Amino acid sequence: MEEHDMPSPTKIELSPEQLAEFAAFYEGDVNPLVGLLIRAGAARDEAQDFAQEAMRVALTNWPSIRSPKAFVRTVALRTLHRSWTVTRRDIDTGKRVAQDAMVATFDANEDVHEAVRLLQALPEAQRVAFALHYDGYGHAEIAAITGQHPDTVRSNLRHARQKLIRMLNRDSARKEAHHGP
């Protein structure tokens, strides 16, 4: 992390003039900063959170900042980038866990490539919920792991089962049509 990403470990006392200067900067720049983050790809609520965090860091470092606009944009964009990195890592981990669990659900006689194909056809939330359920986790535990509401987990599991059944039935019917029962 860059030194300006983290608040100073010591408490910084601002003079009334510095505090007024920061307040004026904040009022004039927070909305344009949110707009920049949205244009960079953040959702509105994320952009607002990241802009507030950047402004908080700016306030704690205010006496040492030479270019406040550049400073808050650097902090906000780095925060956005870090959140994307964490999200990508979590998604990749979820995909691997779900794929491993789905492959394990099929008998040794089943085609592993077919299992992976079926798994990949599920939306990610359904795939992850199904994999965790197969590993023995309950709805509340899956909700805690994924950050979803338990009702959402139940819905994802129901939809995953329904979709897998439809795909398996469709594939079975297709195979019987080509090869007989």
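Is Arg 154 buried or exposed, or does the residue count as partly exposed? Arg 154 is partly exposed, with a relative accessible area of 35%; here buried means under 20% relative accessible area, exposed means over 50%, and partly exposed lies in between, with a 1.4 Å probe and protein chains only.

The structure is a predicted model, in which local features need pLDDT of at least 70 and side-chain atom pairs count only at pLDDT 80 or more, while totals for chains, interfaces and linings use all residues. Residues are numbered from 1 along each chain as its sequence is written, and side-chain values use heavy atoms, with hydrogens and water left out. The confidence of the predictor in each residue is given as pLDDT, on a scale from 0 to 100. The mean pLDDT of the protein is 79, and 72% of the residues reach 70 or more. Where pLDDT is low, the predicted coordinates should not be read in detail.

The protein has 7 helices and 0 strands. Helices (H or I, at least four residues) and strands (E, at least two) are DSSP runs, numbered from the N terminus. From the N terminus on, the order of elements is α-α-α-α-α-α-α. Of the 181 residues in the protein, 30% are buried. The accessible surface comes to about 11400 Å², and 54% of this area belongs to carbon and sulfur atoms; the areas come from the Shrake-Rupley method with a 1.4 Å probe, and for residues only the protein chains shown count as cover. A contact means heavy atoms within 4.5 Å. Among contacts between residues at least 6 apart in sequence, 64% join residues at least 24 apart.

Helix 1 covers residues 16-39 and has 24 residues. The expected span of a helix is 1.5 Å times one less than its number of residues. For helix 1 this gives 34 Å, which agrees with the 34 Å between its end C-alpha atoms. Helix 1 also bends by about 40 degrees at Asp 29, and a proline, Pro 32, follows within four residues. The bend at a residue is the angle between axes fitted to the seven residues ending there and the seven starting there. Buried residues of helix 1 include Phe 22, Phe 25, Val 30, Leu 33 and Leu 37. Just after the helix, Gly 41 takes a positive phi of about 120 degrees.

Asp 29 lies in helix 1 and counts as buried, at 2% relative accessibility. Leaving aside residues up to four places away in sequence, Asp 29 touches Met 55, Lys 69, Val 72 and Arg 73. With Arg 73, Asp 29 forms a salt bridge, the closest N and O atoms being 2.7 Å apart. This pair links distant parts of the chain, with Arg 73 in helix 3 (residues 68-105) and Asp 29 in helix 1, 44 residues apart. A salt bridge is defined as a side-chain nitrogen of Lys or Arg within 4 Å of a carboxyl oxygen of Asp or Glu.

A search of the whole structure finds 3 salt bridges. One of them joins the side chains of Glu 53 and Arg 56, at 2.6 Å from N to O. Both residues lie in helix 2 (residues 44-61), 3 residues apart, about one turn of the helix. Glu 53 is partly exposed at 30% relative accessibility, and Arg 56 is partly exposed at 35%.

Another salt bridge is formed by the side chains of Asp 151 and Arg 154, at 2.6 Å from N to O. Because Asp 151 and Arg 154 are 3 residues apart in helix 7 (residues 150-179), about one helical turn separates them. Asp 151 counts as partly exposed, at 45% relative accessibility. The C-alpha atom of Arg 154 is separated by 9.4 Å from that of Ala 140, and the two residues are 14 residues apart along the chain. Ala 140 is placed in helix 6 (residues 139-146) and counts as exposed, at 55% relative accessibility.

Leu 118 lies in helix 4 and is buried, with a relative accessible area of 0%. Leu 118 and Met 167 are 49 residues apart in sequence, and their C-alpha atoms are 7.3 Å apart in space.
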